Amino acid sequence: MLLALLLAAQDPLAPLDYWVGKCWRTEVAPDTVDTHCFTRDPAGVHDHHEVTAKGEKIYQGDTDYRWDGTNIRYAYRNDNGPVSEGVVAVVPEGLEMDGIRWLPSRGGFTMLNGTRRREFVRVE
């Protein structure tokens, strides 16, 4: 945790570095997958995700992460328009947004949302 705090002091978006430059995938239902790909640009971090069923895209969404001078803020929109926005909290295990935790794990990350648990694996 100390290392994360030191990195955040130099680069406030450093807590997102684990995800950046990689794509991650989870199965949300039989033959249905959700893939997230994270990139970084001068404005911040961008997460593009697509949900596909049997190889056909069902929908897609984008989340932008920006430093506002005090917090990491996110804004999510999907095919239907803006959906949510808020603050990313850096917690000892990973990140938290609106009660959803992202916890790095061996070879991927775990998303915890209440009692629902999704395991994401890195896509090579």
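Author: Strand β3 (residues 44-53) runs antiparallel to strand β4 (residues 56-67), and 9 bridges join them. This is a predicted model, in which local features need pLDDT of at least 70 and side-chain atom pairs count only at pLDDT 80 or more, while totals for chains, interfaces and linings use all residues. Residues are numbered from 1 along each chain as its sequence is written, and side-chain values use heavy atoms, with hydrogens and water left out.

Reader: Which residue in β4 is the bridge partner of Val51?

Author: Strands are DSSP runs (E, at least two residues), numbered from the N terminus, and two of them pair if DSSP finds at least two bridges between them. For Val51, the partner in β4 is Tyr59.

Reader: How many residues lie between β3 and β4 in their hairpin?

Author: The hairpin has 2 residues between its strands, and Lys54 in the turn has a positive phi of about 50°.

Reader: In which sense do β4 and β5 pair?

Author: In a regular strand, side chains alternate between the two faces of the sheet. Strand β5 (residues 72-78) pairs with β4 in the antiparallel sense over 7 bridges, and Tyr74 in β5 is the bridge partner of Tyr65. Their hairpin has 4 residues between the strands, with Gly69 in the turn at a positive phi of about 100°.

Reader: Which residues lie nearest the centre of the largest pocket?

Author: A pocket is an open set of points on a 1 Å grid over the protein atoms alone, where a 1.4 Å probe fits, with protein on both sides within 12 Å along at least five of seven lines; lining residues have an atom within 4 Å of a point. Here 20 residues line the largest pocket, and His36, Tyr76, Ile100, Trp102 and Met111 lie nearest its centre. Elements giving two or more residues to this lining include β3, β4 and β5.
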